[in-house]
Structure formats: C-alpha cells, structure tokens
Amino acid sequence: MPNLNPFSESVFRGEWGAAPESIDLYPEAKARLLEAVASAAESPPSEQGRVVMLRSPSAGVGKSHLIAQVAAEAMPQAHLLPLQFDRESRPDWNCTLQQLLDRLTEPVSGAPCTLSLAARQLLAELLAALIENGVIPSELPARARRGLELNYASMLDLRADSALARWFRENSNALRAPLSEALTRHTKFGHAASREWINFLIRLETGTGEIRIPPRFVSSEAEAKARVAELGQIATRHRPLVLVLDHLDAFFNDRDSALETAYLIAELARIRAARLL
C-alpha cells in the first residue's frame, strides 16, 4: 500500500519516490523548488552553486515530505543526493567526501550506479581526446569518437566481455598516464590528483581493488575538501549534482556545529561541488 502519511518520509532512507502524489501540501513551494533544480541543471559548470533554504516556524509540518516529492520529480534532471550531518556525522570535509562516495556508488537496480555512469562518460571523453591527438591509433577516428560520445554507457562497461572492454583491461596500465594527462587538460586538476582519480575510476569500473580514496590522498581536511570539489566535477559531467541536507535542527543549541555546517554548505557552493544545495 502507498504511504499516505506526509510526515513519515526521510530523505536518508533512499525512498525518494515514497511521497504520495495525492498529498500535495505545498504546491507553490514545490513549484519554486523544482524551478530552482531546473535552473541549476541548465547553469554552466563554471558558475558557483546556489543555496536554497527551506524553513518553517515549527517542526512536523511536512518539510521532509516536500523534499521527497521534489526529489522524486526532479530526478531525471539531476542527481539528488542527501547529506546527513548530526552529532554522529560531523560537518567536516572527510565526512562529506565519504558520504558523497557512498551515495554515488549506491547500487541501482538493473543499472550502473551514478558514479559509474559519470566515470564512463568521462573516460569516453578522455579516450576520444586521445584518439583525436593520435595517442590511440584508429582507422576511423571520427567514427570512433562519435561512438564513444553516443554509447559510452555500454561501450565503457569495462566488466563486460566486449572487444573494447577486453582491450581496455589488457592495456589499462599503459593507458593510465595518458588518461591522467588528458584529465588534467580537461579539468585543471593537479597532476597528482588526476593520477589518483584515473586509478580510482579504473578500479571502480573494472572491479579490481577497493573502491575507496587512498588515505595519502586525503591526509588533511584541505585535501579532503579538494577531493570533494573534484568528485563533484566528475559526477556533474554526467548530470548536475544537487545536494540535500535535512534535519539540520539536530544542531539546535549547538552553535559551533551549526556554524561549521553553514560554512561547509557555503563552501560546497563556492567550490562548485554541486549546482544546488
């Protein structure tokens, strides 16, 4: 049976579609939020993210229900990911990075996870650039680049038994350096960051090794912040990223944590880790 209680949704249970369409508590607010998502989805990647605050004079009026409705309807336009900060999950950059990775790699029934789709699109762009520059030889370079552009999700399924997947796995060590250089040119990531992200994405897509950021790559809060910005850029290349933070009243009477959370939200927008928060 559908859940008819508009106050029971939680954006942290992965139940974006749980909000029943028959109960539309705040149609005007929902329309404005959907418009904000659509506007963010169309904004250029060079623009800073936008922060939208949803508030009410008291708890229990259906804010989470409204967020769940908006998320369910806006999902085709953007990746909507919840971030949870409370007294157990502190508002810092390492926690943010781990939550983003966890959300982006959550299994999707019958489809690649969100980060896999972003990784395949990015790898396809980088391979196309290497073909265009002659680093990867091709008898029909224009056709090869076009194929990668249109069919990256299937062609870059590196666990498949296709000819391209086998070629990539067999040559992955030789491809890492040119792919890293191409990533630096495409994104302005540092050389070391590009190497680590290419290694990470290859592990993710081939299923070899752990799907985690090496500790040496996030040895400080400043490095974790840089990784959050880079991960946001990688994910956003596939579809705009919208981060949702709910239940921030958990920091009521905790001034320091509230200020830390406000700073982190503002910085997430400034460093373009997401189009909308």
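Helices here are DSSP runs of H or I with at least four residues, strands are E runs of at least two, and both are numbered from the N terminus. The model is predicted, so I note that local features need pLDDT of at least 70, side-chain atom pairs count only at pLDDT 80 or more, and totals for chains, interfaces and linings use all residues. Residues are numbered from 1 along each chain as its sequence is written, and side-chain values use heavy atoms, without hydrogens and water.

I then checked H4 itself. Its 19 residues reach 27 Å from first C-alpha to last, close to the 27 Å expected at 1.5 Å a residue (1.5 Å times one less than the number of residues). I found 17 of the 19 buried (under 20% relative accessible area, 1.4 Å probe, protein chains only; exposed is over 50%, partly exposed in between).

Next I looked up the largest nonpolar core, which has 59 residues; Leu 115 and Trp 197 are among those touching the most other members. A core is a set of buried Ala, Val, Leu, Ile, Met, Phe, Trp, Tyr and Cys residues joined through side-chain atoms within 4.5 Å. H4 (residues 114–132) gives the most to this core, ten residues.

Last, I turned to strand S1 (residues 79–83). Five of its five residues are buried, so S1 is largely enclosed by the rest of the structure. I saw His 79, Leu 81 and Leu 83 point one way, and Leu 80 and Pro 82 the other.
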